[in-house]
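Please look at the sequence and the model below, and then work through the questions and answers that follow.

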Amino acid sequence: MSIIIRSRAPLRLGLAGGGTDVSPFSDVHGGVVLNATIDLYAQAILEPRTDGKVVFVAADRNERVELSAASVLEDVEPLRLHKGIYSRIVRQFNGGRPLSLTLTTFADAPAGSGLGTSSTMVVCILQAYAEWLRLGLGEYDIAKLAYEVERIDLGLAGGKQDQYAAAFGGFNFIEFGSKGVLVNPLRVKDWIINELEACTVLYYTGQSRESAGIIQQQIDNTKAGNAQSVEAMLDLKRDSFLMKEAVLRGDLQAYASILGRSWQSKKQIASNISNSAIDKVYDCALSAGALAGKISGAGGGGFMMFFVPAVKRMDVLRELSKHGGEVMNFHFTEMGVQSWCQSLIR
């Protein structure tokens with residue numbers, strides 16, 4: 001009987017402080033982010049092989065690569081993430097000895113959606129390897145390794161929050177500094193979580209985007225000491241602390257106020273975070289009854305989230321339906337990345 005390894009990791013909504021987790025700002029000023037995971041997932045299926053082949057399949061992107069097992073796989077597209085993770089695992093945990101496997105992945109939201117899909121997928125894949133090879137890695141280990149694979153091994157621009165959100169799950173207040181990362185899980189009361197779910201509208205604009213260019217402009221602005229950009233980042237950092245208090249207390253009026261203010265600050269970080277199409281959707285949602293909203297993630301497209309009084313929800317949904325996107329239902333989830341073994345089902 002063949003055994004396969006399954007893993008899944010939750011995507012996240014960035015509630016406050018997104019962008020302050022990106023170096024060099026986080027190294028110099030310290031970053032803080034409040035995020036929460038939702039029941040949309042990155043998923044992986046790992047099937048051990050015995051024929052000396054390595055097969056990677058991104059089922060949701062209709063991409064497939066078949067290679068001979070080697071100690072290091074060439075760092076080229078397609079599926080650079082899959083190859084980079086494999087090479088790191090073989091080097092760090094398997095003594096350089098090649099592994100033979102089929103790895104199939106898919107996600108409930110596309111890359112570039114603003115829900116941390118790419119980083120969450122890295123966490124998910126690493127957890128599958130950890131389960132297979134019995135590596136005994138904890139949440140901090142998986143998240144740090146995921147960050148290193150993306151940002152160091154593959155040189156992809158970005159922050160640190162997504163990896164830790166996916167590994168830990170739940171509502172987390174995460175601190176980033178030159179000496180490391182500290183995850184503070186929040187004990188949010190059930191009624192507050194229920195109300196946040198009832199009052200949050202998650203809207204996919206239909207346009208995925210490449211976050212690296214947006215993040216690179218943010219990095220360049222920080223390095224250049226751009227006063228407007230740095231001050232906006234400091235505002236986002238301050239708002240993270242205030243948002244944490246609002247969530248824990250269930251002060252949703254304050255929550256909405258901070259959400260809207262932070263969106264205005266975020267747009268000052270880089271010029272391409274928003275655009276005319278995003279601004280139009282935002283204004284229309286507010287005119288229909290939303291109190292505030294923001295882009296989830298780096299910006300430029302992907303998902304928008306709106307805070308809407310429950311009595312106005314249907315009005316906002318009707319308005320958003322005119323703009324060609326899609327409203328996604330979701331629930332917050334407490335669990336971070338998980339993995340398990342099962343018999344192969346064909």
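Q: In this predicted model, at roughly what angle do the axes of α2 and helix α3 cross?
A: Helix α3 covers residues 117-133, and the axes of α2 and α3 come within 10 Å of each other. In passing α3, α2 makes a right-handed crossing. The angle at which the two axes cross is roughly 35°.

Q: How many charged residues does the contact of α2 with α3 have?
A: On the α2 side the contact is made by L81, H82, I85, Y86 and I89, and on the α3 side by S118, V122, I125, L126, Y129 and L133. Sorted by class, the contact has nine nonpolar and two polar residues. The number of charged residues in the contact of α2 with α3 is therefore none, since Asp, Glu, Lys and Arg are the ones that count as charged.

Q: At about what angle do α2 and α4 pack?
A: The axes of α2 and α4 are 10 Å apart, and α2 passes α4 in a right-handed crossing. The angle at which α2 and α4 pack is about 115°.

Q: How many charged residues are there in the contact of α2 with α4?
A: From α2, the residues L81, G84, I85, R88, R91, Q92 and F93 meet L145, E148, V149, E150 and D153 in α4. This contact also holds five nonpolar and two polar residues. The charged residues in the contact of α2 with α4 number five.

Q: Which residue meets the side chain of R88 in a salt bridge?
A: Side chains of opposite charge can pair when their charged atoms come close. The distance for the R88 pair is 2.9 Å, taken from N to O, and a salt bridge is counted when such atoms lie within 4 Å. The pair links distant parts of the chain, with R88 in helix α2 (residues 80-93) and its partner, 65 residues apart from it, in helix α4 (residues 139-153). The residue that meets R88 in this salt bridge is D153.

Q: Are helix α8 and helix α9 roughly parallel or roughly antiparallel?
A: The axes of helix α8 (residues 227-249) and helix α9 (residues 252-266) come within 10 Å and cross at roughly 165°. Because angles over 145 degrees count in this class, α8 and α9 are roughly antiparallel.

Q: How many nonpolar residues does the contact of α8 with α9 have?
A: In α8 the residues A232, D235, L236, D239, L242, M243, A246 and V247 meet A254, Y255, I258, L259, R261, S262, S265 and K266 in α9. Two residues of this contact are polar and four are charged. The nonpolar residues in the contact of α8 with α9 number ten.

Q: What is the omega of the cis peptide bond that joins E77 and P78?
A: P78 is found in the loop between β4 (63-68) and α2. Another cis peptide bond joins S23 and P24, where omega is about 10°, and P24 lies in the loop between β1 (3-16) and α1 (25-28). For the bond that joins E77 and P78, omega is about 0°.

Q: Which feature does UniProt place at residues 83-170?
A: Over residues 83-170 the chain is 58% helix and 8% strand, and the end C-alpha atoms are 29 Å apart. The name comes from an unreviewed UniProt entry, which gives this feature as "domain: GHMP kinase N-terminal".

Notes: Residues are numbered from 1 along each chain as its sequence is written. This is a predicted model: local features need pLDDT of at least 70, side-chain atom pairs count only at pLDDT 80 or more; totals for chains, interfaces and linings use all residues. Side-chain values use heavy atoms; hydrogens and water are left out. UniProt positions are given in the numbering used here, feature names are shortened, and annotations may be inferred rather than shown by experiment. Helices (H or I, at least four residues) and strands (E, at least two) are DSSP runs, numbered from the N terminus. Axes are lines fitted to C-alpha atoms, for helices over the stretch in contact, and angles run from 0 to 180 degrees between N-to-C directions. Angles under 35 degrees count as roughly parallel, over 145 as roughly antiparallel, 65 to 115 as roughly perpendicular and the rest as oblique. Contact means heavy atoms within 4.5 Å. A crossing is left-handed if the near helix is turned anticlockwise from the far one by less than a right angle, and right-handed if clockwise.
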